[in-house]
Amino acid sequence: MARIQLENVTKKFGKVTALDNISLDIKDKEFFVLFGPAGAGKTTILNCIAGIQLPEEGVIKFDGEITNLVDAAHRDTAMVFENYALYPQMTVYDNMASPLRSKLYKRDEEYIKNKVHEVASMMKMENLLGRLPSQLSNGQKQRVAMGRALVRTPRVYLMDEPLAHLDAKLRNAMRTELKDIQANFGTTSIYVTHDFMEAMSLGDRIAIVNEGKIVQVGTSDDIYYMPCNEFVAQLMGDPEINIIKGKLNKTSNGYSFTLNGIDKKYELPEDRDLFGVLDEKSLDDVEIGIRPQHIKYSFEPEDGFFKCTVYSYESIGNKSVIIAEHCGFQFRMIAPNGLTVKIDQDVYINIEINHAIFFDSETKEYVGRYNEAAIKAYSAAETDREDK
């Protein structure tokens, strides 16, 4: 159990800056997720915390104590590597038992046997204990790597995309199991992923990492509903959020929004907080983010809908995605399965403007959104409830 702090940490590989003056404060017993695209610096953060790599600048603290000069073996961390890092000459049992046989964390063989079988049962791999890594599939190797970390109760678990190579059914089951394990063990966990569903469902808090910098830190609700910029908004969601260019116009009742290139004007419903921000910013050109579930469609003309053509239609499991095109714009929408949709057929759409997220068209930074105060209050209440 530990509070992990990174203060102004910079890590370079030659001329490449992998981490650029980052700071994080991870609470004791928190399940903290590092989320971002490939090459963003997520694994480098884990390696610096584990002591595998040392930063050129900044400090790393465990419970307030600077650990920069503490070697990896004495930091009491358990790490799950993305590339498994199993001992090829050892069986699954011995791989999982190896941390408990080390000089620092040595336990008796009876304890080791009970712990290995307990974790193997939890990971559904009791029948694999006698095999060598060469006799395992990639998904099975991933489970062994996770099991090897879970047999210990370290100060912090460090997990580098531990579910990446599992099949979809087992990945969903392990996602639930991991959260439960962390809650029962009461151990700080830092988890790296590029899957937004994993980030949303597992993390008490999420840090968005991009190009070696921390872009935003918050709960899943904070980041999903109030992304700090368009980059974060596009990361969080599948299908991806629609970013639509347009103009704000001051009216006697508040504001209206006109989509660029489309003869359609939306009167913005009153929201004092949002209007106050828009007044303060005095923006004309803006971009709005609209999630696919907040665009309505019809295959017949309807009042308030504007005409587009179907660009693509794909079924993805329990839902379908329609992409409609108009004047160079593409709009993603969610539809039920079983529709008969033809490419290039007419489709009429309408944006639910009361769900819009407003961004500055120049800086791409978050400006405001509808019901922001209510979302913040709900998120704060959830955080308080979890802390208790």
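This is a short chat about a predicted model.

Trainee: Where does Asn 249 sit?

Mentor: Asn 249 lies in strand E11, which covers residues 242–250.

Trainee: Is Asn 249 buried, exposed or partly exposed, and why?

Mentor: Asn 249 counts as partly exposed because its relative accessible area is 29%, and that class lies between 20% and 50%.

Trainee: What is Asn 249 in contact with, leaving aside neighbours within four places in sequence?

Mentor: Asn 249 is then in contact with Gly 254, Tyr 255, Ser 256 and Thr 258. With Thr 258 there is a polar contact of 3.3 Å between the two side chains.

Trainee: And what separates the C-alpha atoms of Asn 249 and Tyr 111?

Mentor: A distance of 70 Å; Asn 249 and Tyr 111 are 138 residues apart along the chain.

Trainee: Switching to helices. At what angle do H4 and H5 pack?

Mentor: H4 (residues 138–150) and H5 (residues 168–185) pack at about 5 degrees, and their axes are 13 Å apart. The two helices are therefore roughly parallel to each other.

Trainee: Which residues make the contact?

Mentor: H4 brings Arg 143, Met 146 and Leu 150, while H5 brings Leu 170, Met 174, Leu 178, Ile 181 and Phe 185. Of these, seven are nonpolar, one is charged and none is polar.

Trainee: Now cysteines. How many disulfides are in the whole structure?

Mentor: Zero, from a search of the whole structure. For Cys 308, the nearest cysteine sulfur belongs to Cys 327 and is 8.4 Å away.

Trainee: Is Cys 308 buried or exposed?

Mentor: Cys 308 counts as buried, at 1% relative accessibility. Cys 228 also counts as buried, at 19%, because the cut-off is under 20%.

Note on methods. Residues numbered from 1 in each chain as written. Predicted model: local features only at pLDDT ≥ 70, side-chain atom pairs only at ≥ 80, totals over all residues. Heavy atoms only, no water. Helix = DSSP H or I, 4+ residues; strand = E, 2+ residues; numbered from the N terminus. Buried < 20%, exposed > 50% of the residue type's maximum accessible area, 1.4 Å probe, protein only. Contact = heavy atoms within 4.5 Å. Polar contact = N/O pair within 3.5 Å; in protein donor to acceptor, adjacent residues only side chain to side chain. Axes fitted to C-alpha atoms, helices over the stretch in contact; angles between N-to-C directions. Parallel < 35°, antiparallel > 145°, perpendicular 65-115°, else oblique. Nonpolar A, V, L, I, M, F, W, Y, C, P; charged D, E, K, R; others polar. Disulfide = S-S within 2.5 Å.
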